[in-house]
Amino acid sequence: MALAIFSFGNLASTLLPDSWWGPVHAACAVLGLTLLAPVLARHGIAIRDASVRAALASDYHNPMIAPLATTMPMALIVLGTYLVRFSAPALLCAQVIWWFGVLCIVTLMAYLAWRFVLCGFSLADVCPAWLVGFVGILVAAVTSDTVELAWAGQIIYVIGFAIDIIMLVLISNRIAWHGLPAAIKPTLTIYSAPISLLVASYFSTSTRHDPVFTLVLLTCSQLLFAFVAILLPWMLTTPASPAYAAFTFPLVITATALHDALTIFKDAGWHVPSWAYWLQVGETLLAGVMIVVAMAAFRHMYESL
């Protein structure tokens with residue numbers, strides 16, 4: 001949720017006058033940190049509290065939950081981009097946060113590969129959350145240009161591209177053969193994220209953009225989004241659960257990818273129809289609405305405890 005809110009702040013600011021940059025980012029920073037801080041604090045408490053440590057260990061041993069841990073450093077990376085406008089020291093701080101986030105994600109990816117692939121792989125353990133665990137590092141590529149580390153983002157983009165395709169094929173096979181437990185139906189929304197991350201990463205890391213290549217990626221991205229949009233009413237029939245968080249960031253990055261692709265097309269001299277811009281606004285609004293829906297669901301869960 002925090003990752004989605006921080007990312008939505010960057011997305012919304014691209015559609016609003018520059019004078020809105022400060023208020024939008026301030027609001028998203030406060031709201032996102034309100035959600036992220038307790039999660040980070042829980043990991044800190046686990047150092048001294050055996051019961052909390054045991055609970056977290058159980059989560060990290062669960063192949064459907066552990067991959068979601070990468071959203072913590074992903075959120076920090078995006079939050080770091082909020083600093084770059086202020087000063088040179090703030091940019092340096094953003095770069096330190098970026099490198100720290102990348103190191104954490106790589107460490108978590110290594111753990112996930114060791115725990116769930118090398119130490120006993122089972123197709124039944126694979127789920128859409130694996131896209132977050134193994135492909136989420138592309139968030140670093142998306143933000144690399146903002147923190148003036150595009151050269152490092154290019155390396156991550158190439159590696160992430162290969163992992164992205166492998167994960168999509170693997171997870172599609174899992175769903176085709178084993179289906180998904182009803183409780184995690186909302187995680188199908190994650191399907192809209194991987195190719196969108198590639199579009200946004202390509203926009204951020206490349207100095208020269210091929211509009212045809214971008215169009216191919218965008219078409220795949222939007223087809224996956226259409227698939228998710230069709231299933232969205234069905235997924236919303238699932239009782240409120242932590243899985244509702246899946247309704248947020250994938251839709252934000254899909255709208256971001258469309259915005260970036262339209263910029264590439266315009267810069268290439270292509271005629272971009274007005275409906276494409278309205279579609280991008282619509283996807284942004286949908287992402288914002290689903291963030292509100294997910295937060296309302298979490299509040300309902302909290303009140304029912």
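Buried means under 20% relative accessible area, exposed means over 50%, and partly exposed lies in between (1.4 Å probe, protein chains only). This is a predicted model, where local features need pLDDT of at least 70, side-chain atom pairs count only at pLDDT 80 or more, and totals for chains, interfaces and linings use all residues. Residues are numbered from 1 along each chain as its sequence is written, and side-chain values use heavy atoms, with hydrogens and water left out.

View 1. The structure holds 15 aromatic pairs (rings of Phe, Tyr and Trp, the last by its six-membered ring, with centres within 6.5 Å; planes under 30 degrees apart are stacked, over 60 edge-to-face, the rest tilted). Tyr-111 and Trp-114 have ring centres 6.2 Å apart and planes at 45°, so this pair is tilted. Trp-114 is partly exposed at 44%. Tyr-202 and Phe-213 make an edge-to-face pair, with 5.1 Å between centres and 80° between planes. Phe-213 is partly exposed, at 30% relative accessible area, while Tyr-202 is buried at 9%.

**View 2. Ring pairs build a cluster.** Tyr-60, Tyr-111, Trp-114, Phe-116, Phe-121, Trp-130 and Phe-134 are linked this way.

**View 3. Meet Gln-280.** Setting aside neighbours within four places in sequence, Gln-280 is in contact (heavy atoms within 4.5 Å) with residues including Leu-11, Leu-15 and His-259.

**View 4. Now for Ser-13.** Ser-13 is buried too, at 15%. Beyond neighbours within four places in sequence, Ser-13 is in contact with Trp-21 and His-25.
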